[in-house]
Amino acid sequence: MILVTVGNYYKGFPRLVEKMDEIAGKISEDVTMQIGNTDFEPRNADYFRFTSEAKINELYLDARIVVCHDGAGSMLTALKYNKPTIVIPRLKEYGEHAYDNPADLAKELEREKRVILVFDVNRLEEVIRRIETIQITPVKDRRLVKSLRECINAIDSER
Amino acid sequence: MKIGLVCSHGGHLTEVLEIIDAFEGHDVFFISYDGLRTRELEYRKYLFKDLGKTYPRSILMLTVSAPMILGILLKEKPDVVVSTGPEIAIPVFYVAKILGIKTIFVESWCRVKELSLTGKLVYSISDFFFVQWEQLLTKCGKRARYGGGVI
């Protein structure tokens, strides 16, 4: 199953949802889409707008590939479950983002070979078809939890 | 200790849930936005209508929300408030500062090269200020520290 997520952002992401619906009509693999505030409703894929924490985590876990917008939450969850992740940045010029989006995080994650970054949705089908051949390096770093715990302990001991 | 976690209902919530182990053993509550995922959080929670979206509406919403946030913090009396952003952290941190509550701001994982506007606005009043990318330290003052990333 290919999971598509566009997050909770107040703007829709029809460019991605429409293209993935078109691809879903051409391939045999199931496509499930979280479409958020996108008006367009897919015809060839299962879709829903928002769901519970448990359900979305289950979908990420079950997915073979994740295709998502460049939101930190979507990318973080996909990486947490070690999924091959294709990221399409929301662009202001298409009304998908309120501001000019530098997509710094997605670019940095691509530089580290942790995600595949695709700006042109017309390239999506080709990237999905050859995903097995692309090298991706899942990296996990839990240091922040340790840093915060030390910080909380320091405050606690000062009380 | 009692710890207030402050975030929106999307990606910032995902970041908070990823670091929530750091607050194990403490009494935790949430200040966030109303949404499917925040409604089912198994913690005490205070949920606002999304205050963000675009200026200038958010400035107005943040100002209007300040008295309610004061009420929440007076009732809960947390020892610390922790936020990964976004804008809801601004009124919470300023009210917390007035009440003498410690504040920890964790700049969002998505901020690789520049601080968020929220980060800039709470930087000087945060007791602890973390960034998740080492290269971002060059854009902050000495108070900021790099403590690793959320993943």
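So, how many helices and strands does chain A have? Six helices and six strands. Before I go on: this is a predicted model, so please keep that in mind throughout.

Okay, chain A to start with. Reading from the N terminus, its elements go β-α-β-β-α-β-α-β-α-β-α-α. If you draw a box along the principal axes, the C-alpha atoms of chain A take up roughly 60 × 35 × 30 Å.

Now, salt bridges. Over all chains, the structure has 27 of them. One I'd like you to look at is inside chain A, where the side chains of A:Arg15 and A:Glu96 pair up, at 2.6 Å from N to O. That pair ties distant parts of the chain together: A:Arg15 sits in helix 1, residues 14–24, while A:Glu96 is in the loop between strand 5 (85–88) and helix 4, and the two are 81 residues apart.

On the chain A side, 38 residues are in contact with 42 residues of chain B. The buried area between the two chains comes to about 3,700 Å², and 66% of that is from carbon and sulfur atoms. Who loses the most area to chain B on the chain A side? That would be A:Leu76, A:Leu144 and A:Ile152, which together make up 18% of what that side buries.

The rule picks out seven salt bridges across the interface of chain A and chain B. One of them is B:Lys113 with A:Asp104, where the closest N and O atoms are 3.9 Å apart; the cut-off is 4 Å, so that pair counts. We also get twelve residue pairs in polar contact across the same interface, both partners at pLDDT 80 or more.

Which helices does chain A use for this?

Last stop, chain B. On its surface there's a nonpolar patch formed by B:Leu70, B:Leu74, B:Ile98 and B:Leu99, with about 370 Å² of accessible area together. Helix 3 (57–76) and helix 4 (89–99) of chain B are the elements that give two or more residues to the patch; B:Leu99, for one, lies in helix 4.

That's my tour, over to you.

How values were computed: Residues are numbered from 1 along each chain as its sequence is written. Chains are lettered from A and ligands numbered from 1 in the order in which they are written. This is a predicted model: local features need pLDDT of at least 70, side-chain atom pairs count only at pLDDT 80 or more; totals for chains, interfaces and linings use all residues. Side-chain values use heavy atoms; hydrogens and water are left out. Contact means heavy atoms within 4.5 Å. Buried area is the accessible area (1.4 Å probe) that two parts lose on being put together, summed over both. A polar contact is a pair of N or O atoms within 3.5 Å; within protein, one must be able to donate a hydrogen and the other to accept it, and residues adjacent in sequence count only if both atoms are side-chain atoms. Patches are made of residues with over 30% relative accessible area and no salt bridge: like charges are joined within 9 Å, nonpolar side chains (Val, Leu, Ile, Met, Phe, Trp, Tyr) within 5 Å. Accessible areas come from the Shrake-Rupley method with a 1.4 Å probe; for residues, only the protein chains shown count as cover. Helices (H or I, at least four residues) and strands (E, at least two) are DSSP runs, numbered from the N terminus.
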